[in-house]
Amino acid sequence: MNNTTLHSAGTEGQLAWYAAVAYEDLAFNTGKTIRCDATEVALFKLSSGTIRAIQNRCPHKDGVLAEGIVAGEHVFCPMHDRKIDLMSGLVQAPDTGCVTTYPVRIEDGQIYIGLPAAKEMAS
Ligand code: FES
């Protein structure tokens with residue numbers, strides 16, 4: 001498993017930004033587990049080049065979503081194949097539920113993940 005543990009690169013407004021990985025170093029359509037202090041995030045680079053960050057645990061039974069299969073703008077949980085929209089975090093019908101999505105930004109070729117700053121302070 002490909003894991004990285006990070007500490008906040010700075011707080012801005014209500015978000016703490018974590019420098020995750022260089023854009024070029026993230027493989028297309030393959031998830032990467034990023035630990036931002038106490039929060040585990042699944043980071044994806046879609047075939048369009050879009051970067052998405054979501055909660056790394058499936059709402060069904062905690063499947064590791066970074067290990068799921070990516071198809072278009074969705075990831076399929078590796079445990080029981082629930083389909084999750086990487087844009088909205090919504091589990092697709094007939095199943096239900098959702099995962100948290102996190103904002104990302106790219107600066108100078110570096111991907112940053114934004115987490116609620118209050119959560120960082122609580123950890
Ligand atoms: S744990 Fe993800 S579908 Fe069951």
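# Reading charged side chains in a predicted model

Tutor: Buried residues make up 41% of the 123 residues in the chain. Buried means under 20% relative accessible area, exposed means over 50%, and partly exposed lies in between (1.4 Å probe, protein chains only). This is a predicted model, in which local features need pLDDT of at least 70 and side-chain atom pairs count only at pLDDT 80 or more, while totals for chains, interfaces and linings use all residues. Residues are numbered from 1 along each chain as its sequence is written, and side-chain values use heavy atoms, with hydrogens and water left out.

Student: How many helices and strands does the chain have?

Tutor: Helices (H or I, at least four residues) and strands (E, at least two) are DSSP runs, numbered from the N terminus. Here there are 12 strands and 1 helix. In order from the N terminus, the elements are β-β-β-β-β-β-β-β-β-β-β-β-α.

Student: What share of the contacts joins residues 24 or more positions apart?

Tutor: A contact means heavy atoms within 4.5 Å. Of the contacts in the chain with a separation of 6 or more, 46% are between residues 24 or more positions apart.

Student: Why do some side chains pair?

Tutor: Side chains of opposite charge can pair when their charged atoms come close. A salt bridge is a side-chain nitrogen of Lys or Arg within 4 Å of a carboxyl oxygen of Asp or Glu. A search of the whole structure finds 4 of them.

Student: Which residues are linked in a network of salt bridges?

Tutor: The network consists of Arg35, Glu40 and Arg57. Between Glu40 and Arg35, the closest N and O atoms are 3.1 Å apart. Between Arg57 and Glu40, the corresponding distance is 3.3 Å. This second pair links distant parts of the chain: Arg57 is in the loop between β6 and β7, and Glu40 is in strand β5 (residues 39-45), 17 residues apart.

Student: Is Glu40 buried or exposed?

Tutor: Glu40 has 18% relative accessibility, so it counts as buried. Arg35, at 26%, counts as partly exposed, and Arg57, at 33%, is also classed as partly exposed.

Student: Where are Arg82 and Asp95, which meet in a salt bridge?

Tutor: Their side chains meet at 3.7 Å, N to O. The pair links distant parts of the chain, with Arg82 in the loop between β8 (74-76) and β9 (83-85) and Asp95 in the loop between β9 and β10 (101-102), 13 residues apart. Asp95 is partly exposed, with a relative accessible area of 26%.

Student: With which side chain does the side chain of His60 make a polar contact?

Tutor: A polar contact is a pair of N or O atoms within 3.5 Å; within protein, one must be able to donate a hydrogen and the other to accept it, and residues adjacent in sequence count only if both atoms are side-chain atoms. The partner of His60 is the side chain of Arg82, at 3.3 Å. His60 sits in the loop between β6 (51-55) and β7 (69-71). Leaving aside neighbours within four places in sequence, His60 is in contact with His80 and Arg82.

Student: Which side chain of opposite charge is nearest to Arg52?

Tutor: For charge, Lys and Arg count as positive and Asp and Glu as negative; His and the chain ends are not counted. For Arg52 the nearest is Asp85, 6.7 Å away, and Arg52 is buried yet has no salt bridge. Arg52 belongs to strand β6. A polar atom of the Arg52 side chain lies 2.9 Å from the backbone oxygen of Met87.
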